[in-house]
Every structure is written in structure tokens, then in C-alpha cells.
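Hello,

Here is the structure I promised to pass on to you. Please have a look at it first, and then read my notes below.

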Amino acid sequence: MPVDAERWLAERGVPREPVAAPGRADRDGTDAPAPRAAEVVDLARQSAGDAPPRTDGADAGPDPASVAERADDVDAAVAFIRRSTANAPQSEGRLHDKLADRGHDDATIDDALRRARSDGLVDDEALLHALIAERRARGHADRRLRRDLRDRGFTGPQVDEALTRHAHADPEAAAFAVARDHAARHRGVEAEAAVRRTVGALVRRGHGEALARKAARDAVYADREDRAAAER
């Protein structure tokens, strides 16, 4: 800080006159006390175009460097989504977790997923429909579907809504179709052993145990009766 603030101001072309803010005069009309040295230096800096940064918490607007850095982060997150979905579609929930693991914050992830959605890189509704159709074709029941879909990053409400929208027409018929295929594969073993193995296959696909036992027994014994009749 200069020893003689008035002389320091004069050398820089600042008029040498008392510095007093409006409303600083005493009630009797006398001048307010002379400004402190720090106030004089601050005025000089402003006059020279070198004002110090605000420290009163006022919003000075977004920092251009921060805005550019955030845009780069979103671009990097979108590029990762593009690579991750190149070979197989993924849910937004799984991609969110992967991006979080890579250090991206929630705001960046939300912006990246919004862009990915707009670019057609993600589509949860279409993916849910495809997965449900595929697994039902393999004989999976809703219990197994719920677990598999949540493992793929879908939320409980998403799964519930999708399964309601794509409700299975006939769960018993689906269980019997799986049981019939397994019964044909186990023709070389004793009937009750074939039933047990078929029950296990149905339960692993999410069918209830009671339905699995009924479908397995019906399928195994029907297959053997049909085979015996054909051999007569």
C-alpha cells in the first residue's frame, strides 16, 4: 500500500480531492472523516480499469471457462454413450451408473442422456418392449422378467408399466410350451426324473412352483403317451 495515497493518486492522474460517498456527511453539515487508505487504493484501481473482484456474493455471471469445461464434459459423456451402445442397446439407468462411475456429475449426465435420447442412442420404451418379447418367446414368466429388467438398469415403475402394457395372454400355455420342449429332451431318463428336471427349468424361468409342477407332469406324461401310441 502506498505511503502517501494522495501523491500516489496524483501520479496516476486521479484528481486530488476529498473522497466522500453520498450520505457520509455529519448531521451538522461537516465533512465526514477522510477515507481510509484501503478505500483510496480501491478507487485508484477502479480509475485505472483494474477493479478487484466482487467479494459481496453478487452474481457476476457464468465464468466462460467453466461453461466451456462443462460443455466438454457433456460431449465426452455423449461420446461414451455412443461407444457403449454401438454393439447393443442399453437402458438410461445403466448408462447413468456407468457415467457416474467415470466421475461425471448428475447435471452433466442428465444433459448427456437428453442429447443421447434426441440422437436416438437410447430408447427405454423400445428396449423394454423388445426384451419382454424376446424373453417371453423363451418361456420366461413375469417374476423372472422383473428381475432381469431391473438388472438391466430399469426402475421398478418402468418395469411394472411395461409388463402391464405387454401383459402375457396365457401364462399356463407358456409354461406348458416350455415343459413340452424339456419333456422331449429328457425322453431317455425315467419319467419322474424328467418331471423334476422340467420343473427346475420352469422355476428358473420365473414360473411359480405349483404351475411348474403341473405343467411339467402334464408335458412329460403326455409326451410319453404320445410316443407309446405312435409305436403301437
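**Helix contacts and cores**

P171, E172, A175, F176, A179, R180, A183 and A184 in α9 meet L211, A215, A216, D218, A219, V220 and D223 in α11, where contact means heavy atoms within 4.5 Å. By class, this contact of α9 with α11 has 11 nonpolar, no polar and four charged residues. The classes are these: Ala, Val, Leu, Ile, Met, Phe, Trp, Tyr, Cys and Pro count as nonpolar, Asp, Glu, Lys and Arg as charged, and the others, Gly among them, as polar.

Before I go on, a word on the source. This is a predicted model, in which local features need pLDDT of at least 70 and side-chain atom pairs count only at pLDDT 80 or more, while totals for chains, interfaces and linings use all residues. Residues are numbered from 1 along each chain as its sequence is written, and side-chain values use heavy atoms, with hydrogens and water left out.

Now the overall picture. The protein has 11 helices and zero strands; helices (H or I, at least four residues) and strands (E, at least two) are DSSP runs, numbered from the N terminus. Of its 232 residues, 30% count as buried, where buried means under 20% relative accessible area, exposed over 50% and partly exposed in between, with a 1.4 Å probe and protein chains only. Among the contacts in the protein with a separation of 6 or more, 61% come from residues 24 or more positions apart.

Back to α9 and α11. Two packed helices are described by the angle between their axes and the distance between the axes. For α9 and α11 the angle is about 45°, and the axes are 8 Å apart. That makes α9 oblique to α11. Axes here are lines fitted to C-alpha atoms, for helices over the stretch in contact, and angles run from 0 to 180 degrees between N-to-C directions. Angles under 35 degrees count as roughly parallel, over 145 as roughly antiparallel, 65 to 115 as roughly perpendicular and the rest as oblique. The crossing of α9 over α11 is right-handed; that is the word if the near helix is turned clockwise from the far one by less than a right angle, and left-handed if anticlockwise.

Which residues of the largest nonpolar core touch the most other members? Of its 14 residues, they are A179, V195, V199, L202, A215, A216 and V220. α9 (171–185), α10 (191–204) and α11 (209–231) each supply at least two residues of this core. Such a core is a set of buried Ala, Val, Leu, Ile, Met, Phe, Trp, Tyr and Cys residues joined through side-chain atoms within 4.5 Å. Leaving out residues up to four places away in sequence, V195 touches A216, R217, V220 and Y221. T198 sits in helix α10 and counts as buried, at 0% relative accessibility. With residues up to four places away in sequence not counted, T198 touches A179, H182, A183, H186, A216 and V220.

Another core, of 13 residues, lies apart from the largest one and includes V78, F80, L113 and A116.

Helix α6 (residues 124–137) packs on helix α7 (residues 142–151) at an angle of about 140°, with the axes 11 Å apart. That makes α6 oblique to α7. The crossing is right-handed, and L128, L131, I132, R135 and R136 in α6 meet D142, L145, D148 and L149 in α7. By class, that contact has five nonpolar, no polar and four charged residues.

The axes of α7 and helix α8 (residues 156–165) cross at roughly 140° and come within 10 Å. That makes α7 oblique to α8, and their crossing is right-handed too. Here D142, L145, R146, L149 and R150 in α7 meet G156, V159, D160 and L163 in α8, giving four nonpolar, one polar and four charged residues.

Two single residues are also worth a look. L127, in helix α6, counts as buried at 8% relative accessibility. Apart from neighbours within four places in sequence, L127 is in contact with P89, Q90, S91, R152 and F154. The C-alpha atoms of L127 and S91 are separated by 7.4 Å, although the two are 36 residues apart along the chain. A100, in helix α4 (residues 92–101), is partly exposed, with a relative accessible area of 37%.

Best wishes
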